[in-house]
Amino acid sequence: MTLTTIAPIQEQHAAAGGPLTVEFGLMFWTVVVFLLLLLVLKKFAYPALLGAVEARERALQEQLDAAERNRAESEALLAEHKKLLAEARMQAHALLVEARTTAEKERALAMEKTLEEQQQLLERARRDIVAERDRAIAELRQEAVDLSLAAASKLIGERLTSETDRKLVQEYLSRLDLRN
């Protein structure tokens, strides 16, 4: 085909059908094909598409329900966590109060024990002092008896050593202590 033969064919087509011309044959077949395609789609594609959409809708609803359950569980766990935290704080406070009370009691017991030991040491020291004083007095008496006997023997000129002489001097000194 040459250029000269193509131009008349284009003119025939342009004259025969323009963009606004209605061709009933083409329209009929377009409607028939459309209806057939619609029937095929309705028979095969729409149920599959609707099933997929419904499955997607169910999955979304299940996810929403699961999210709601998770949110409710989270709120419950948060409330339980807050409750446990409050209980732990109360227990810690109670332990601190108990520890302070115990420490105060221990301190009071230690003070009491220290005072008691101090009193015992003081009493022991007093007893030791009294015992030492009594021993010193006894030694002084013994020395006084010996000195008295020595002085008496020099006065009398003979030595007094008998036990009865010693008793006499000790009794005399005891009587002097009773008067003072």
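## Helices and salt bridges of a predicted chain

R126 is partly exposed, having a relative accessibility of 45% (buried denotes under 20% relative accessible area, exposed over 50%, and partly exposed the range in between, with a 1.4 Å probe and protein chains only). The model is predicted: local features require pLDDT of at least 70 and side-chain atom pairs count only at pLDDT 80 or more, whereas totals for chains, interfaces and linings use all residues. Residues are numbered from 1 along each chain as its sequence is written, and side-chain values use heavy atoms, leaving out hydrogens and water.

The protein chain contains 3 helices and 0 strands, in the sequence pattern α-α-α; helices (H or I, at least four residues) and strands (E, at least two) are DSSP runs numbered from the N terminus. The mean pLDDT of the protein chain is 84, and 83% of the residues score at least 70, where pLDDT is the predictor's confidence in each residue, from 0 to 100.

Of the 180 residues, 3% count as buried. The protein chain exposes about 16,300 Å², of which carbon and sulfur atoms supply 64%; accessible areas follow the Shrake-Rupley method with a 1.4 Å probe, and for residues only the protein chains shown count as cover.

A nonpolar surface patch has about 1,200 Å² of accessible area together, and its members include V22, F24, L35, Y46 and L50. Patch residues have over 30% relative accessible area and no salt bridge; like charges are joined within 9 Å and nonpolar side chains (Val, Leu, Ile, Met, Phe, Trp, Tyr) within 5 Å. L35 lies in helix α2 and is partly exposed, at 45% relative accessibility.

The count of salt bridges is 7, each being a side-chain nitrogen of Lys or Arg within 4 Å of a carboxyl oxygen of Asp or Glu.

R71 and E75 are 4 residues apart in helix α2, about one turn of the helix. Together with E68, R71 and E75 are linked in a network of salt bridges. E123 and R126 likewise both lie in helix α2, 3 residues apart, about one turn of the helix.
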